[in-house]
Amino acid sequence: MTGDNRDDRLAKNESLFREHNERIEPHNAVHTWVNPAFADWICECADEGCSVPVRLTVAEYEAVRLKATRFLVAPSEDHVMPDAECIIRREERYWIVEKRGRAAEVSEKFDPRSRQPSER
Ligand SMILES: [Zn+2]
């Protein structure tokens with residue numbers, strides 16, 4: 001298997017987790033969260049067996065979704081693939097990674113928010 005195929009597959013895995021989080025967002029958004037106002041999301045790392053819960057406010061989640069190449073992961077190196085992405089933010093509860101190169105292209109292709117005709 002070539003490296004490109006592997007990267008494609010891993011980026012697709014991450015996109016699937018992102019779709020899951022996109023689906024639960026409306027539920028998380030309508031909930032009235034007590035202090036601290038964190039909702040439960042799942043780690044969007046490339047490991048398809050990983051579904052570690054990650055806690056972010058809806059606003060923090062929205063900040064990740066602003067770019068198609070950004071993914072939300074659990075705060076540990078175990079959830080980061082340094083050859084395909086770099087860590088752009090380290091919080092106590094979560095990290096944000098950004099895809100590079102080919103993995104970034106695949107991420108954009110699979111971004112559920114890019115399917116709408118209007119540009120953001
Ligand atoms: Zn993970």
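**A walk through the predicted model**

Good morning. Is Pro82 buried or exposed? Pro82 has 9 C-beta neighbours inside 10 Å, and therefore counts as exposed. Along the sequence Pro82 and Val97 are 15 residues apart, while in space their C-alpha atoms are 9.5 Å apart. Please keep in mind that what we are viewing is a predicted model.

The protein has three helices and five strands. Of the 120 residues in the protein, 28% are buried. Consider next the contacts between residues at least 6 apart in sequence: 50% of these join residues at least 24 apart.

I turn to the sheet. Strands of a sheet pair through backbone hydrogen bonds, and the pairing may be parallel or antiparallel. Here we have an open sheet of three strands, in the order β3-β5-β4, and the pairing is antiparallel. Why is one side of β3 and of β4 left without a neighbour in the sheet? Both β3, residues 70-73, and β4, residues 85-90, stand at the edges with a single partner strand each, so one side of each lacks a neighbour there. From one strand to the next, the twist averages 30 degrees. The antiparallel pairing of β3 with β5, residues 95-99, extends over four bridges.

Let us look along β3 itself. In a regular strand, side chains alternate between the two faces of the sheet. In β3, Arg70 and Leu72 point one way, Phe71 and Val73 point the other way, and all of them are buried. Val73 deserves a moment of attention. Opposite Val73 stands Trp95, in β5. Which residues does Val73 contact, apart from its neighbours within four places in sequence? They are Cys43, Glu44, Cys45, His79, Val80, Tyr94, Trp95 and Val97.

In soluble globular proteins, nonpolar side chains tend to be buried together. The largest nonpolar core in this model has 21 residues, and those that touch the most other members are Val54, Leu56, Leu72, Val73 and Tyr94. At least two residues of this core come from each of α1 (3-30), β2 (53-56), α2 (58-65), β3, β5 and α3 (101-109).

An α-helix has 3.6 residues a turn, so residues three or four places apart point the same way. In α2, the buried residues are Glu60, Tyr61 and Val64. Viewed down the axis of α2, these buried residues fall within an arc of 100 degrees, so they line one face of the helix. The exposed residues Ala59 and Glu62 are carried on the face of α2 turned away from its buried side. In α3, the buried residues are Ala103, Val106 and Ser107. Seen down the axis of α3, they too fall within an arc of 100 degrees, and therefore line one face of that helix.

Where is Asp47 found? Asp47 lies in the loop between β1, residues 39-42, and β2. Asp47 counts as partly exposed because it has 16 C-beta neighbours inside 10 Å. Asp47 and His79 are 32 residues apart in sequence, yet 7.6 Å apart in space from C-alpha to C-alpha. Thank you for your attention.

Definitions and conventions. Residues numbered from 1 in each chain as written. Predicted model: local features only at pLDDT ≥ 70, side-chain atom pairs only at ≥ 80, totals over all residues. Pairing = 2+ DSSP bridges. Axes fitted to C-alpha atoms, helices over the stretch in contact; angles between N-to-C directions. Core = buried A, V, L, I, M, F, W, Y, C linked by C-beta atoms within 7 Å. Buried ≥ 20, exposed ≤ 12 C-beta atoms within 10 Å, placed from the backbone. Contact = placed C-beta atoms within 7 Å. Arc of directions from axis to C-beta.
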